[in-house]
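Here are some notes to read alongside the model, which is a predicted one.

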Amino acid sequence: SLIVADMMKWSNNYVADMLVKNLSAEAGDKPATTSKGLARVRSHIEKIAGLKAGDYEFINGAGFTRENLLSPKQLGSVLNAVRRDFRIFPEFLSALPIAGIDGTLRNRFKGLDSVGWVRAKSGLLNGAIGLAGFAGDDHGRVFTFVFLFNGAAGREDSARQLFDQLA
């Protein structure tokens, strides 16, 4: 859980890739490979979130590629499935960066009421940006959200600001 938390808080792509490969090693694959680890990830998210093979693309554990293709609805289904699994959700939630406080979100959400109320993973590629996670309120409710922008390069800052306000 500590390795995952460090990876999530600081968006460490190398660690993400190594954890995927480690899934293959832990399953006893010889040799352990990233592709075998990704197959295990695909199988798991299809089982827990109802995704269907061929309806999405997941070819890189870090997500640092344009070849991974999940719709916001599919990613939301995965997040909701994790949220329903008490065995992993508390650690997963605590691993996510906290809006305006730590990790990759430490300098975001400044001046917004959502500081401390949003835990989410951000993503950025040239022309694409995302924010996905959970937002809470003072009534004890927790909401799952996924915001993705895939458009012209140079508009990422506007999308980021909008996503922070929406969250």
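1. The side chain of Asp 137 makes a polar contact, at 2.6 Å, with the side chain of Arg 141. A polar atom of the Asp 137 side chain also lies 2.9 Å from the backbone nitrogen of His 139.

2. Asp 137 is located in the loop between E2 and E3, and because its relative accessibility is 16%, it counts as buried, the cut-off being under 20%. Leaving aside residues up to four places away in sequence, Asp 137 touches Trp 117 and Phe 143.

3. Strands E2 (128–136) and E3 (142–150), which flank that loop, are also among the elements against which the buried residues of helix H4 pack, together with helices H3 (34–49) and H5 (89–95). The buried residues of H4 are Gln 74, Gly 76, Val 78, Leu 79, Ala 81 and Val 82.

4. Helix H4 itself runs over residues 72–84, and its 13 residues reach 18 Å from the first C-alpha to the last, close to the 18 Å expected at 1.5 Å a residue.

5. In helix H3, the buried residues are Gly 37, Leu 38, Val 41, Ile 45 and Ala 49; they cover an arc of only 100° around the axis, so they lie on the same side of H3. These buried residues pack against H4 and helix H2 (13–26).

6. The end C-alpha atoms of H3 are 22 Å apart, which agrees with the 22 Å that its 16 residues should span at 1.5 Å a residue. After H3 comes Gly 50, which has a positive phi, near 75°.

Key: Residues numbered from 1 in each chain as written. Predicted model: local features only at pLDDT ≥ 70, side-chain atom pairs only at ≥ 80, totals over all residues. Heavy atoms only, no water. Helix = DSSP H or I, 4+ residues; strand = E, 2+ residues; numbered from the N terminus. Expected span 1.5 Å × (residues − 1). Buried < 20%, exposed > 50% of the residue type's maximum accessible area, 1.4 Å probe, protein only. Contact = heavy atoms within 4.5 Å. Arc of directions from axis to C-beta. Polar contact = N/O pair within 3.5 Å; in protein donor to acceptor, adjacent residues only side chain to side chain.
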